[in-house]
Each structure stands twice: as structure tokens, then as C-alpha cells.
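User: I have a structure open and want to learn how to read it. Can we go through it one feature at a time?

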Amino acid sequence: TTALQVLFLLLAGVAYLAVHRRIYGSWTVYATGDHFVDSEWTVVGRSPDYAGRTRRLLGLLVDKRFGIAAWAPVYLALPLVLAKTVRRRAQGWQVMVTLCAVCWATATWIALTMHGWWWPGRQVVPILPLVVVLIAVAVDHHRRGIQAVVLASLLGTFSWLWLVVESSTGRHTLIVDFERTTNPWYRVWQVLLPDHQVMSVTDHVLTAAWAAVVILGCWWVWKLPSPTSDHQSATKIEASDSRH
């Protein structure tokens, strides 16, 4: 199954390149843009600071403006469910983890800017449906986990509907000033999130705190006994009982 998935992904990649070469005369649509006359690859930046962009690894999750967890807290579970997926090594886990890693790396190091019209958060959108499935699998048969996911999902839905009303009535736009929303939940929640556009001392502290939370959370998930190990332990106990 994994081999077939990889094969179809490779075929899709070849088709993508062939279509772009035929229509746009190069490998990306940016080859036709007047702004990128020097090279289509300047869309990544003329002098990209890859070390500076590395903070997006965490910022894409918890930044108060463009972090997906700022608007949909349920995605805070992303690092944890990925750790659990790798730990369990379920069928096809390599493909799932690779897809997530590729999208996240694209938003981290390839997207031109962190804010404004080239919002890197949009680069992780393709994997969000996959993340939803991974979260659902992770909390299956865990009552409290399901309750936490439902609550976090409702908060995200509430935030989005609030933005829809504000943008529909002309108070804000979804691209320029969406973070100025009057949503009471977001106004409170954002206090706990760093602003990577400002990067003040407080933002550095918050970034370090969230990094610690993510690392410790992944470590905790990794240390949890896997269903396989539980099954093996139970089998050994049953075998020992039968011998006695």
C-alpha cells in the first residue's frame, strides 16, 4: 500500500511538472509574472535568510497572527499526533509524516514572507485534512481526548464565523487586518502567543515557552505505551498464566 501511495505521488509530481512546462514554459507559474523577470525562483526571495525563517517551524503553529493554532486551537495537537504516528508505526505512516514535513518545510523556508500578501500559513493548508484524520485516530477510544478535540474545534469554528461576519460587514478584511478582530476568545488567547513580526523580549520568552511545551508534549506521547506493546505484554501474561 505504501509503495502504491509513493508511486501515485511520483506520477502526480511528473504530471505537475509536465503541465507547468507546457503551459507556463517553466516549472512554476511564477515564470509568467512580471515581478519575477530575473528568475521565477526569486519568489523565494532575492537574499533569503533561511536561519531567520527557521523560527516559522514553531511560528506556523503558535504565532498570534499567522499561526494556525491561534485561530483553530485544535491544531496544537499536530506535533503530538505526529509523534504518536511515528511511535505506533501504523501502515503508511512514512507517507503521512513525509507529506506533513514537506508542506511544513515549504511554508518555513520557501514562502517569501511571514506576513502580508504572501502569508506562509496558506502553504500548510494541503495537509490540514490529513492532520484532522490523524487527530481523529489519535483520540479514538479516549473520552477526554475526544472532548478536548471537540471543544477546541468549536472554538476554531466560532473564531472563523466571527471573522466571516466582520469581513462581510466591512469591518475587517481577511488578508490585511484580520488580527484586529473583536472576537473575545481571540483577544484573550493571543496574550499567550508570540508575535514573530515584533519579536520583543516577551515574544522570545513566549516562543521559548511554547517550544518547551511542544517538546515535552511530544516526549510524553513518545513515552506512552503503544497498543502493540500492550498487546504483547498481555499475550505474555496470558501465556505465563496458562503454563502455571
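User: Which residue lies over the face of tryptophan 27?

Analyst: Start with the rule. A charge sits over a ring if NZ of Lys or CZ of Arg is within 6 Å of the ring centre and within 35 degrees of the ring normal. Here arginine 21 lies over the face of tryptophan 27, at 4.7 Å from the ring centre.

User: What should I know about the model itself?

Analyst: This is a predicted model, where local features need pLDDT of at least 70, side-chain atom pairs count only at pLDDT 80 or more, and totals for chains, interfaces and linings use all residues. Residues are numbered from 1 along each chain as its sequence is written, and side-chain values use heavy atoms, with hydrogens and water left out.

User: How many helices and strands does the protein chain have?

Analyst: Helices (H or I, at least four residues) and strands (E, at least two) are DSSP runs, numbered from the N terminus. The protein chain has 11 helices and zero strands.

User: How is burial read, and what share of the residues counts as buried?

Analyst: Buried means under 20% relative accessible area, exposed over 50%, and partly exposed in between (1.4 Å probe, protein chains only). Of the 244 residues in the protein chain, 34% count as buried.

User: And contacts?

Analyst: Contact means heavy atoms within 4.5 Å. Take the contacts in the protein chain with a separation of 6 or more: residues 24 or more positions apart account for 60% of them.

User: How do I check the span of a helix?

Analyst: The expected span is 1.5 Å times one less than the number of residues. Helix H1 (2–24) has 23 residues and reaches 32 Å from its first C-alpha to its last, close to the 33 Å expected. Helix H8 (residues 143–168) has 26 residues and should span 38 Å; its end C-alpha atoms are 37 Å apart, which agrees.

User: Which residues of H8 are buried, and what covers them?

Analyst: The buried ones are Val149, Ala152, Gly156, Ser159, Leu163 and Glu166. Their cover includes helix H4 (68–71), helix H7 (128–139) and helix H9 (184–189).

User: Where is phi positive in a residue other than glycine?

Analyst: First the general idea. Most residues other than glycine have a negative phi. Histidine 141 has a positive phi, near 70°. Histidine 141 lies in the loop between H7 and H8, and it counts as exposed because its relative accessibility is 73%. Methionine 199 has a positive phi near 55°. That residue is found in the loop between H9 and helix H10 (201–223).

User: How do two helices pack?

Analyst: Axes are lines fitted to C-alpha atoms, for helices over the stretch in contact, and angles run from 0 to 180 degrees between N-to-C directions. H5 and helix H6 (residues 93–110) pack at an angle of about 145°, with their axes 9 Å apart.

User: Is threonine 85 buried or exposed?

Analyst: Threonine 85 counts as buried, because its relative accessibility is 10%. Threonine 85 is found in helix H5 (residues 78–88). Leaving aside neighbours within four places in sequence, threonine 85 is in contact with Ala90, Trp93, Met96, Val97 and Leu134.

User: How many aromatic pairs are there?

Analyst: Rings of Phe, Tyr and Trp (its six-membered ring) pair if their centres lie within 6.5 Å; planes under 30 degrees apart count as stacked, over 60 as edge-to-face and the rest as tilted. The structure holds five aromatic pairs. Tryptophan 185 and tryptophan 189 form a stacked one: 5.5 Å centre to centre, 15° between the planes. Both lie in helix H9, four residues apart, about one turn of the helix. Tryptophan 185 counts as partly exposed, at 24% relative accessibility, whereas tryptophan 189 is buried, with a relative accessible area of 10%. Ring pairs also link Trp71, Phe178 and Tyr186 into a cluster.
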